[in-house]
Amino acid sequence: MVEPGRRQIVASDGSQSFEFVGVPFGSHARLILLYLQTEALRTGRRDVELGNSMRGWLARVGIPAGGMTGKSVRDQAERISRCKLTLRHLHRWP
């Protein structure tokens, strides 16, 4: 199950609230998740280093950093980082 994450909003008067950012979707979200899985398997580590900047990571995976593509990738990266992902193994009985 994928549940949407929330981002904190701080108003000018100092009050705080939260807004939902939505669930990850589409080809850019799949690309990000595939990259994370591939790097985790390649390095054998649970932590995946992305580098010093989003622009550098986008260049390594061959995605233009500007325009609508860059904006979409940044949006999907935030959705992935904030979402709650729950996996369950369902037993099937013969």
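Biologist: With which side chain does the side chain of Ser15 make a polar contact?
Modeller: In this predicted model, Ser15 sits in the loop between strand 2 (5–10) and strand 3 (16–22). Not counting residues up to four places away in sequence, Ser15 touches Ile9 and Val10. The polar contact of its side chain, at 2.7 Å, is made with the side chain of Asp13.

Biologist: Is Ser15 buried, partly exposed or exposed?
Modeller: The relative accessible area of Ser15 is 39%. Buried would require under 20% and exposed over 50%, with the remaining class lying in between.

Biologist: In what order do the elements of the protein run from the N terminus on?
Modeller: The protein has three helices and four strands. Helix 1 covers residues 26–43 and helix 2 covers residues 54–60, while helix 3 takes in residues 67–82. Read from the N terminus on, the elements run β-β-β-α-α-α-β.

Biologist: Which residue has its backbone oxygen 3.4 Å from a polar atom of the side chain of Arg79?
Modeller: The side chain of Arg79 also makes a polar contact, at 3.0 Å, with the side chain of Asp75, but that is a contact between two side chains. The backbone oxygen that lies 3.4 Å from a polar atom of the Arg79 side chain belongs to Val21.

Biologist: Leaving aside neighbours within four places in sequence, with which residues is Glu78 in contact?
Modeller: Glu78 lies in helix 3, and its side chain makes a polar contact of 2.8 Å with the side chain of Arg7. With neighbours within four places in sequence left aside, the residues in contact with Glu78 are Arg7 and Val21.

Biologist: What is the relative accessible area of Arg46, and why does this residue count as exposed?
Modeller: Arg46 is found in the loop between helix 1 and helix 2, and its C-alpha lies 9.5 Å from that of Leu36, which is 10 residues away in sequence. A residue must be over 50% to be exposed. Arg46 is exposed because it passes that cut-off, with a relative accessible area of 84%.

Biologist: What radius of gyration does the protein have?
Modeller: The C-alpha atoms of the protein fill a box of roughly 60 × 35 × 25 Å along the principal axes, and 19% of the 94 residues count as buried. A compact globule of 94 residues would have a radius of gyration near 12 Å. The protein, by contrast, has a radius of gyration of 16 Å.

Biologist: How far apart do the centres of the positive and negative side chains lie?
Modeller: The protein exposes about 7,600 Å², of which carbon and sulfur atoms supply 55%. Its charged side chains comprise 15 positive and 8 negative ones. The distance between the centres of these two sets is 6 Å.

Definitions and conventions. Residues numbered from 1 in each chain as written. Predicted model: local features only at pLDDT ≥ 70, side-chain atom pairs only at ≥ 80, totals over all residues. Heavy atoms only, no water. Helix = DSSP H or I, 4+ residues; strand = E, 2+ residues; numbered from the N terminus. Polar contact = N/O pair within 3.5 Å; in protein donor to acceptor, adjacent residues only side chain to side chain. Contact = heavy atoms within 4.5 Å. Rg over C-alpha atoms; globule rule 2.2 N^0.38 Å. Buried < 20%, exposed > 50% of the residue type's maximum accessible area, 1.4 Å probe, protein only. Areas by Shrake-Rupley, 256 points an atom, 1.4 Å probe, with all protein chains shown as cover. Lys, Arg positive; Asp, Glu negative; His and termini not counted. Charge placed at Lys NZ, Arg CZ, Asp CG, Glu CD.
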